[in-house]
Amino acid sequence: MPFSPAPRGDFPILSRTVRGGAPLVYLDSGATSQRPQRVLDAVRAMDVEHNGAVKRGAHQLAEEATLAYEGARDSVARFVGVDADEIVWTSGTTQSINLLAYAMSDASVGRGPERFVLGEGDSVVVTRAEHHSNIVPWQELCLRTGATLKWLDLTDDGRIDLDTLDVIDSHTKVVAFTHVSNVSGAISPVNQIVAAAHAVGAVTVLDACQSVPHMPVDFRALGVDFAAFSGHKMLGPTGVGVLYGRRELLADLPPYQFGGSMIELVTMEETTYADPPARFEAGTQAVAQIVGMGEAADYLSEIGMEEIAAHEAKLTAIMLDGIKEIPGVRLLGPVDSVDRTGAAAFHVEGVHPHDVGQYLDSLGVAVRVGHHCAQPIHRHFGVFASTRASLGPYNTEEEVGVFLRALAGVRPYFRLED
Ligand code: PMP
């Protein structure tokens, strides 16, 4: 019986077939993950049984909705080792990072404390491995404030090159970097980067979107100031995510959206703002999705992230060894399975990534093709796009075997046998 730590029977979609009868082999969890029945049920129950305005009503439904909503915050906070009042709901990683960059932009025009103020001569440091959502908001912040964007560079196999750590200097105000690259799968040396940033008083921002679904993650132990991740990458719904911020930093951060639910007192002349996290949650939130994300965090915690990480490490090693043996296929990332996850992008010589993807799809294997919203790292590898297989906690060794056999057939199919 094929084994996966997240039982396959929990995921209705995994039993479907595609393309006229091929069993689905889902290797695209890096783009979006599948949801267990428990999460689907939790979302549906919010709509069918408990729908009421969160924190706004005196009636039972409002109370049930509020309890579920705040319970989800507790679950997600526990999942990443922090306190519930340090968790801000957003629509996803992209919004979380934009929230921070906008708040810093406001601080820079006199609406926030010195630690968040940027101006000419200051720098924001990212890495060449970032997803566009951890580059473009910072480029915009620099455009608005006159600060300069700098970056840590990469080694040939796509790891962050610690020899370039000296771009972090006394002018650096923010260091924003990914925990795990969504292209190379490389795990970043968080401790060294955080130490370099904090040595110069810079604020650290971790894009944890590709790490929290695959390994135990404790933001407090990592020592980061802010972190962002998305529900849909960790077996939860789309349209929901988190910005984590250390309590004292969130307390100092100016709000970036204004309206209901984020205020303390409003008069016609002026307004005072609520404490975090409410200060950053203007308007009505995606309540059912938030509850689904909480359920996903509980589901993963109950299986155990250690167990998931160990299983995925085993499958990653098999996948990498298999890819290395296939003529004409080049991995874009570390070739051994140490300090990396099971997101594996590769280049098939002579075949466009879209053709690779379509061929694999015709055999039931779902992968991602394109630049994966990470053009700079693709440029680093000398290609404009790639194919990426990425694992989730429901994948099995048998599925990796199906994928490898299919991949081995790509070049022969296109008459490119060596
Ligand atoms: N960062 C990384 C590393 C990602 O892989 C992704 C999603 N591909 C994002 C950020 C953006 O996440 P979302 O689209 O959920 O906002």
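## Local backbone features and overall form of a predicted chain

Pro277 is situated in the loop that runs between strand E12 (271–273) and helix H8 (287–303). Helices (H or I, at least four residues) and strands (E, at least two) are DSSP runs, numbered from the N terminus. The peptide bond that leads from Pro276 to Pro277 is cis, its omega being near 0°. Most residues other than glycine have a negative phi, and most peptide bonds are trans.

The structure is a predicted model, in which local features need pLDDT of at least 70 and side-chain atom pairs count only at pLDDT 80 or more, whereas totals for chains, interfaces and linings use all residues. Residues are numbered from 1 along each chain as its sequence is written, and side-chain values use heavy atoms, with hydrogens and water left out.

**The chain as a whole**

The protein chain contains 13 helices and 17 strands. Its radius of gyration is 22 Å, close to the 22 Å that the globule rule gives for 418 residues, so the chain is as compact as a globular protein of that length. The radius is taken over C-alpha atoms, and the rule is 2.2 Å times the number of residues to the power 0.38. Along the principal axes, the C-alpha atoms fill a box of roughly 75 × 55 × 30 Å.

Of the 418 residues, 56% count as buried; buried means under 20% relative accessible area, exposed over 50%, and partly exposed in between (1.4 Å probe, protein chains only). Among contacts in the chain with a separation of 6 or more, 71% come from residues 24 or more positions apart, where contact means heavy atoms within 4.5 Å.

The UniProt record, an unreviewed entry, places the feature "domain: Aminotransferase class V" at residues 25–401. Such positions are given in the numbering used here, feature names are shortened, and annotations may be inferred rather than shown by experiment. Over residues 25–401 the chain is 37% helix and 17% strand, and the end C-alpha atoms are 10 Å apart.

**Residues with positive phi**

Two residues other than glycine are treated here. Leu235, in the loop between strand E9 (226–230) and strand E10 (241–245), has a phi near 70°. Cys373 has a positive phi of about 55° and is placed in the loop between strand E16 (368–370) and helix H11 (375–380).

**Residues of the loop between E8 and H6**

Asp218 is found in the loop between strand E8 (203–207) and helix H6 (219–222). Its C-alpha atom is separated by 4.7 Å from that of Gly81, although the two residues are 137 residues apart along the chain. With neighbours within four places in sequence left aside, Asp218 is in contact with Val80 and Gly81.

Cys209 also has its place in the loop between E8 and H6. Cys209 and Ser230 are 21 residues apart in sequence, and their C-alpha atoms are 5.8 Å apart in space. Leaving aside neighbours within four places in sequence, the contacts of Cys209 are Thr93, Ala228, Phe229, Ser230 and Lys233.

| Residue | Relative accessible area | Class |
|---|---|---|
| Leu235 | 2% | buried |
| Cys209 | 7% | buried |
| Cys373 | 26% | partly exposed |
| Asp218 | 34% | partly exposed |
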